[in-house]
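This briefing is meant to be read with the structure open beside it. Find each residue in the view as it is named.

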Amino acid sequence: METDLGLWVIPLAIIGGAIRVSTPFLFVSLGEALTERSGRINLGLEGTLVFGAMSGYAAAYLTGSPWLGVFAAAISGAMFGLLHGLICSLPKVNDIAVGIAMMILGMGLAFYFGKPFVQPVAPNLPSIGFGWWSDVPQVRAALQVNVLFLIGAVLAVAMWWMFRSTRVGLIVRVVGDSTDAARAMGLRPALVRICATAVGGAFAGVGGAYLSLYYPGSWNEGISSGQGLMAVALVIFARWNPLACFGAALLFGGAGALGPTLQSVGVSEGYYLFFAAPYVLTLGVLIVTSSPTRAMTGAPGELSITK
Amino acid sequence: MRVSSPSLPATVARPLLGRAAVARRAEAVVIPVGALLVGFAIFSVFLLLQGKSPTEFLSLVYRAGFGTAFSWQNTLSRAAPLLLAALCVALPARLGLVVIGGEGAIVLGGVGAGAAAVMLAGTPAALALPLMLVCAMVIGAVWIGAVGALRHFRGVNETIASLLMAYIAIALMNHLVEGPLRDPASLNKPSTAPLDDALRIGNLPGWDVHWGLAFGVVCCVLAWVLIEKTTWGFAARIAGGNVRAAQVQGLPVGWLIVGFTALGGAFAGMAGFFEVAAVHGSANASLAGGYGYTGILIAFLARHNPLAIIPVAVLLAGFEASSGLVQRRMDLPDATVLVLQGFVFLAILISDTLFGRFKFFAPERWSTRDGN
Amino acid sequence: MSIPPFSRRRFLSGTAALAGATAMPQLAFADGHAPLSVGFIYVGPKDDFGYNQAHAEGAAAVKAMEGVTVVEEENVAETIDVQKSMESMINFDETKLLFPTSFGYFDPHVLETAPKHPDVRFQHAAGLWSEGMPTNVGSYFGYIGMGQYLNGITAGHATTTKKIGFVAAKPIPQVLLNINSFLLGARQVDPEITCQVIFTGEWSLAVKEAEATNALADAGCDVITCHVDGPKVVMETAAGRDAYVCGYHANQSPLAPEKYLTGAEWNWAGVYTGMVQTVLDGGTIDNFVRGGLADGFIKMSPLGPAVSDASRAQFEATKAQIMAGGFAAIKGPLNDNSGNVIAAAGEGFAEDDIALESMDYLVEGVIGSTS
């Protein structure tokens, strides 16, 4: 059945882990990158992710179609984003605090309405096997790539291109960099930010659907364990660049696979410290790449978190 | 990272006197309380849509959170760690920093207290307890102070750094209590060695609430005095408003940042100490109880005012204290209280937009009458 | 149906305390006695396909008894929360019999709350009550390691790679006993079989459990079981990797009908109804209760379609031996996986040997370490 791969199992597991685990991080961080580029921060995407996981699973179970589940998750995520965007458009309202309250509301509603869907089994999202060239079962398993991962990768490139060379991207960036300049250009900053937050919420909802409909592939209250919050942090790490978000998500997912795999090849002591590897690695990179003298490159000027 | 403090410019610029000051204070109470009621109203509609009775719900929340002596003790026991956890957010926020990793200082402070107790075995409690407390506070101060130092001296974003460090702290705690610090006798719940009875902190006299509550309240008051009544606090508020202006005036911004983050971390470490000495009796994985994260919400709702943290923390603890009775009597899921919190806190945060909108509270209206 | 042994006076004081309570579902008996209020507290959601669900199924059986009201609370943390939840039940629901079901509730939370309420009985799952602890506290648990031993027999027959896998939460005695029993069961079929263990470090962490399961599959394990609070993710992920699975805590066969061999399940319904009946009858429950397959504390899931006839025969034969009592899964000659002697030839630890409850080793053939 399985082939004995020796230590080759480690890089393979990191690649496999990166592909399996990174997708929710990718979608949430892309959504947050869009929102933050428009000058708002939405810390509530953890709640959106969890609600997306629940609504996606519920819709997939009720309709029998996982894709309708993804759609439902996107819609509900957009609703949460819209609410956040509208509230934060009121003067004097603090976007960070509203995000935290939205996180609680999202998780509360997801757990409240999610009770009846813990037990049923919903259909899972399909994946594509890119390991057909190999007859090693572990390679085939590692290269089972979910369609949402591919969509997320395309989305990252599309967003990168959008920010660089499209009118929509320019509008979002101008609004994010200076409200006054945007007004002077005849733009409506509040409207742009509301839209950016709503679309960002939809992305986070899709990330949640990946959790419940593919990996680990079931709905329960412990499904997320802080991935939405971490993904928001990864956006700062990725300097608001969608391509870097993709890289950060892969890095984080791959590093997360390190702990279990090292145990499987006999490095079994101090596993908690290996489990902390993604966090240590991210912090290390952050310390090395930051600078006390220059402001963070790519930081939107209107963002409360970096002013 | 900057946090706007809406009421700041006015109070810094010109202290209000007499009735004008009363009017501003009244505004600061009336608007959030009104928002609280609106939040309850929205939640009531939610319950009605579920076919449940809002009046029954509210009476249960009142009864289990605030209605009896036991309810108060339940609520206040839960509020104790939240007060200190919220200070870990509110103090750095005065300098414009958003620190969300207080959980890390709580768990490591707890481990520090537990480890100190082991090392101080045989020492009289009068000496050992303060040393444990100091150990927990120093660890917390170093952990969060490092976030401030990374921010100032390396330009590392403190929000992400503190979050990452919270996850690292929890991993470290698990490693220590299941590895080097594990008491072999702690069979199915890996822990540090149990504290001597002499090192266990009891309850406030006549109450079933541990001393952590009193310490938490005192720390909130001290933090308020520090911010509002000292030159350090004044300097921090200036730096929080505008770093360049503060530097031009020769303020030691770097030391302020490190000092305020470290102080916040010390308070969080103190929360860890009380969890070990008053609740668990040893350090173990139960230290990661999420108080650090609840503290973020409390600090933001209190607008980083240490005195306002006290009522907000009590309110939130009261909601949590009532969760069980609501589950049992109304057959509602345990997440119901989370939904209530979400609605109420959103309403309170939205109400921030109303400040200054009501002429009734405007200081000018009252100042003129004072002839001020 | 017998009447709860409550004194008239206690009932009156109870109703006085309840004055002002809203819509309390109080079923009073014709002669004025209140039903016995029994409280269950769970550390996680009660439909987790695992530890908490097993207890909740027991609570559901109690609910069906006459003269009893059941109150429940889920997702109660092992902090001051559980102390206050227990006291809230005592204060507001007149609860006289409490089942705080998570191990972590025991010390200090149950031990410190019990002396404050001497008229309430605290029945704690998995704890180790000993002389000197409050007498209104009781500990009960089952020899579920025997179930993992039987799991191991079906695993030993099903594996072709001679490598089986175990996803474990933490290296504590209960978990170590299950890992060791699983391997030793499999080694009854083929002494060459090894068992790879991966610790996740948490009782409930979905993504890490899935990653651990994938790592086991990558390492060549083709039968996988687990000891985490909710085995759902492990079962589904392992079956997705084409590995056979053995269940734990509750029956998970609906999650992987083709790949499910059997499972070690708790059977709390019988245990709980028995304990509640004892209290209703005015008796006292022993402070330290343990039981196994023969006592109805645990049970095995029905064997799945992939279990061969040879496997079934050995499974049934071993099960009969266990039912006869005094069975020792851990018996000599046996070394741990770093070469220390655990038991010499002829020695053994029967299922009810209290020494098993402080196990701190993994036996020879288990790949992994305890720290």
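In this predicted model, helix α1 of chain A is largely enclosed by the rest of the structure, because 26 of its 29 residues are buried. A residue counts as buried if 20 or more other C-beta atoms lie within 10 Å of its own.

**Helix α1 of chain A**

- The helix covers residues 9–37 of chain A. From its first C-alpha to its last it reaches 39 Å, close to the 42 Å expected at 1.5 Å a residue.
- The helix has a kink of about 50° at A:Ser22.
- Just after α1(A) comes A:Gly39, whose phi is positive, at about 100°.

- Most residues other than glycine have a negative phi, and most peptide bonds are trans.
- A:Lys92 is not a glycine, yet its phi is positive, at about 70°. This lysine lies in the loop between α3 (66–88) and α4 (95–114) of chain A. A:Lys92 counts as partly exposed because it has 15 C-beta neighbours inside 10 Å.
- C:His249, also a residue other than glycine, has a positive phi near 75°. Its place is in strand β9 of chain C, which covers residues 244–249. With 25 C-beta neighbours inside 10 Å, C:His249 counts as buried.
- The peptide bond from A:Tyr215 to A:Pro216 is cis, and its omega is near 0°. A:Pro216 sits in the loop between α9 (189–213) and α10 (227–237) of chain A.
- C:Asp107 and C:Pro108 are joined by a cis peptide bond with an omega of about 10°. C:Pro108 belongs to helix α4 of chain C, residues 106–113.

**A buried leucine in chain B**

- Is B:Leu340 buried or exposed? It counts as buried, because it has 27 C-beta neighbours inside 10 Å.
- B:Leu340 is part of helix α14 of chain B, which covers residues 336–350.
- Leaving out residues up to four places away in sequence, B:Leu340 touches B:Phe43 and B:Phe319.
- B:Leu340 and B:Phe46 are 294 residues apart along the chain, but their C-alpha atoms are separated by 9.3 Å.

**Contact between chains B and A**

- In this contact, 40 residues come from chain B and 41 residues from chain A.
- On the side of chain B, the elements that give two or more residues are α6 (125–154), α7 (158–178), α12 (291–301) and α14.
- The largest share of that side comes from α7(B), with 11 residues.
- By class, the side of chain B that touches chain A has 27 nonpolar, 10 polar and 3 charged residues.

**Contact between chains B and C**

- Here chain B takes part with 27 residues and chain C with 31 residues.
- The elements of chain B that give two or more residues to this side are α3 (54–67), α4 (69–94), α7, α11 (253–280) and α13 (306–330).
- Which element of chain B gives the largest share of the side that touches chain C? It is α13(B), with 6 residues.
- The side of chain B that touches chain C divides into 8 nonpolar, 12 polar and 7 charged residues.

**Domains of chain C**

- The domain assignment of chain C gives domain 1 as 8–142 and domain 2 as 144–265 + 298–367.
- The C-alpha centres of these two domains of chain C lie 32 Å apart.
- Where the domains of chain C meet, 11 residues of domain 1 are in contact with 13 residues of domain 2.
- Helix α2 of chain C (residues 51–63) gives 4 residues to the side of domain 1 that touches domain 2, the largest share.
- That side of domain 1 has 5 nonpolar, 5 polar and 1 charged residues.

**Confidence**

- The predictor gives the complex an ipTM of 0.92 and a pTM of 0.91.
- Chain C has a mean pLDDT of 90, with 91% of its residues at 70 or more.
- Over residues 1–28 of chain C, pLDDT stays under 50. For this stretch of chain C the model has 32 contacts beyond four places in sequence.

Terms used
Residues numbered from 1 in each chain as written. Chains lettered and ligands numbered in written order. Predicted model: local features only at pLDDT ≥ 70, side-chain atom pairs only at ≥ 80, totals over all residues. Expected span 1.5 Å × (residues − 1). Bend = angle between axes of the 7 residues up to and from the residue. Buried ≥ 20, exposed ≤ 12 C-beta atoms within 10 Å, placed from the backbone. Domains from an automatic or database assignment. Contact = placed C-beta atoms within 7 Å. Nonpolar A, V, L, I, M, F, W, Y, C, P; charged D, E, K, R; others polar. pLDDT = per-residue confidence, 0-100.
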